[in-house]
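Visitor: Could you walk me through this model and show how its features are read?
Guide: Gladly; let us look at the chain together.

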Amino acid sequence: MFETLDKLFLAGLGAMSMTKERAEALFEEYVQKGKAKREEKSGFVKEILELAEKSRADLEKIISEQLHKVLTQMPLATKEDLKRLEEKIDQLLKK
């Protein structure tokens, strides 16, 4: 479980840290390596930022689902459990 979260966290770091400046720097590397043309810059940057945003959203969803799964499997008291205990304590104190 925690190994999976660690991997997801590390995979998401790239998406989380992607900024317009980093996307532009990445594009410049591609241009220097001959893998992209200067006139493609705006489309490339936009696409990278959209992909990073989607990755962030997907990562948040996965972490939320995993966290919910772990928490529901743990033997923790619910709000209803606490409310019932408070009511029982109140009843005992009245006696």
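**Salt bridges, core and surface**

Guide: K54 and D58 are 4 residues apart in helix α3, so about one helical turn separates them. Their side chains meet in a salt bridge, 2.8 Å from N to O. A word on the source: this is a predicted model, in which local features need pLDDT of at least 70 and side-chain atom pairs count only at pLDDT 80 or more, while totals for chains, interfaces and linings use all residues. Residues are numbered from 1 along each chain as its sequence is written, and side-chain values use heavy atoms, with hydrogens and water left out.

Visitor: What counts as a salt bridge, and how many does the count come to?
Guide: Side chains of opposite charge can pair when their charged atoms come close. The rule asks for a side-chain nitrogen of Lys or Arg within 4 Å of a carboxyl oxygen of Asp or Glu. By this rule the count comes to 5 salt bridges. One of them joins E53 and R56, with the closest N and O atoms 3.0 Å apart. These two residues are 3 apart in helix α3, again about one helical turn.

Visitor: Why does a spacing of three or four places matter in a helix?
Guide: An α-helix has 3.6 residues a turn, so residues three or four places apart point the same way.

Visitor: Which parts does the salt bridge between E28 and R38 tie together?
Guide: The closest N and O atoms of E28 and R38 are 2.7 Å apart. E28 lies in helix α2 and R38 in the loop between α2 and α3, so the pair ties together parts that are 10 residues apart in sequence.

Visitor: Are the residues in these pairs buried or exposed?
Guide: Buried means under 20% relative accessible area, exposed over 50%, and partly exposed in between (1.4 Å probe, protein chains only). R38 is exposed at 51%, and E28 is partly exposed at 23%. D58, at 34%, is partly exposed.

Visitor: How many helices and strands does the chain have?
Guide: Helices (H or I, at least four residues) and strands (E, at least two) are DSSP runs, numbered from the N terminus. This chain has 4 helices and 0 strands. Of its 95 residues, 15% count as buried.

Visitor: Which residues make up the largest nonpolar core?
Guide: A nonpolar core is a set of buried Ala, Val, Leu, Ile, Met, Phe, Trp, Tyr and Cys residues joined through side-chain atoms within 4.5 Å. Here the largest has 9 residues: M18, A23, F27, V31, A36, F44, V45, I48 and A52. Two or more residues come from each of α2 (20-32) and α3 (41-73), and α3 gives the most, with 4. Leaving aside residues up to four places away in sequence, F44 touches A23, L26, F27 and Y30, where contact means heavy atoms within 4.5 Å.

Visitor: And how does helix α4 (residues 79-94) sit, largely in the open or buried?
Guide: Of the 16 residues of α4, 0 are buried, so this helix lies largely in the open. From first C-alpha to last, α4 reaches 23 Å, close to the 22 Å expected at 1.5 Å a residue; that expected span is 1.5 Å times one less than the number of residues.

Visitor: Where does L76 lie?
Guide: L76 lies in the loop between α3 and α4, and at 49% relative accessibility it counts as partly exposed.
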